[in-house]
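This briefing covers a pocket, salt bridges, a nonpolar core and one backbone angle. Please view the model alongside the text.

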Amino acid sequence: MDFEIKSRVQPVGERKGQTVYFAQAKTQQKLTNKMLIERIVRETSLSQGDVSNALVSLSNVVCEALQLGMSVDLAELGSIRPTVPSKMMDTPEEVTVEKALKKPKIVFTPKQRMRDAVNALMRTVDRSRVTPVNTTPPKPGEEEDDDRPVIE
């Protein structure tokens, strides 16, 4: 995986006002749904239609289970579960769905084989240039809304 060096002025904290540098992935290659289906067809005796239907059914079953608050064991991949973070409240009466519960999130916990695969990831940093990043940090008290799954 190729990375490039980015820079930005740190808006808060110990390094406030200082230019800091970090590595950011250039682009991430993607195994598309079509490519995934083709690979599974090559490695099994299943037809393209069978694999496609199985993936759609898997998606439907996982979504239904998540809506019911269930964890789903995805065999050799790992498990996926919903989680609902809660705010700290001053009194028990304040602990309500509207006031205390935050937006639900998805947590994916990979099996050891997947962890080993990502730990073996080849990484390189392109040191030929540094690119500034234009970011506007969230205002104090504002929470960033991040819908990405949490990987444990």
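The points below are grouped by topic, after a note on conventions.

This is a predicted model, in which local features need pLDDT of at least 70, side-chain atom pairs count only at pLDDT 80 or more, and totals for chains, interfaces and linings use all residues. Residues are numbered from 1 along each chain as its sequence is written, and side-chain values use heavy atoms, with hydrogens and water left out.

**Largest pocket**

- The largest pocket has a volume of about 1,300 Å³. A pocket here is an open set of points on a 1 Å grid over the protein atoms alone, where a 1.4 Å probe fits, with protein on both sides within 12 Å along at least five of seven lines. Grid points are joined across faces, edges and corners, and the volume is the space filled by probe spheres set on the points.
- The pocket is lined by 28 residues, of which Leu31, Leu36, Leu77, Phe108 and Met114 are the closest to its centre; a lining residue has an atom within 4 Å of a point.
- Two or more lining residues come from each of α1 (33–43), α2 (48–67), β5 (105–110) and α4 (112–119), and α2 gives the most, with six. Helices (H or I, at least four residues) and strands (E, at least two) are DSSP runs, numbered from the N terminus.
- By class, the lining holds 20 nonpolar, four polar and four charged residues. Ala, Val, Leu, Ile, Met, Phe, Trp, Tyr, Cys and Pro count as nonpolar, Asp, Glu, Lys and Arg as charged, and the others, Gly among them, as polar.

**Salt bridges**

- The structure holds five salt bridges, each defined as a side-chain nitrogen of Lys or Arg within 4 Å of a carboxyl oxygen of Asp or Glu.
- Glu4, Lys6 and Arg129 are linked in a network of such bridges. Glutamate 4 meets lysine 6 at 3.6 Å, N to O, and arginine 129 at 4.0 Å between the closest N and O atoms.
- Arginine 129 lies in strand β6 (residues 124–132) and glutamate 4 in strand β1 (residues 2–9), so this pair ties together parts that are 125 residues apart in sequence.
- Glutamate 4 is buried at 14% relative accessibility, as is lysine 6 at 12%, whereas arginine 129 is exposed at 54%. Buried means under 20% relative accessible area, exposed over 50%, and partly exposed in between (1.4 Å probe, protein chains only).
- Lysine 26 pairs with aspartate 126, with the closest N and O atoms 2.9 Å apart. Lysine 26 is in the loop between β2 (19–25) and α1, and aspartate 126 is in strand β6, 100 residues apart.
- Lysine 26 is partly exposed at 36%, and aspartate 126 is partly exposed at 26%.

**Nonpolar core**

- The largest nonpolar core consists of seven residues: Val62, Ala65, Leu66, Val72, Leu74, Ile80 and Phe108. α2 gives the most to this core, with three residues.
- Such a core is a set of buried Ala, Val, Leu, Ile, Met, Phe, Trp, Tyr and Cys residues joined through side-chain atoms within 4.5 Å.
- Valine 72 touches Val62, Ala65, Gly78, Ser79 and Ile80, not counting residues up to four places away in sequence; contact means heavy atoms within 4.5 Å.

**Backbone**

- Alanine 75 is not a glycine, yet has a positive phi of about 55°.
- Alanine 75 sits in the loop between β3 (72–73) and β4 (78–83) and is partly exposed, at 45% relative accessible area.
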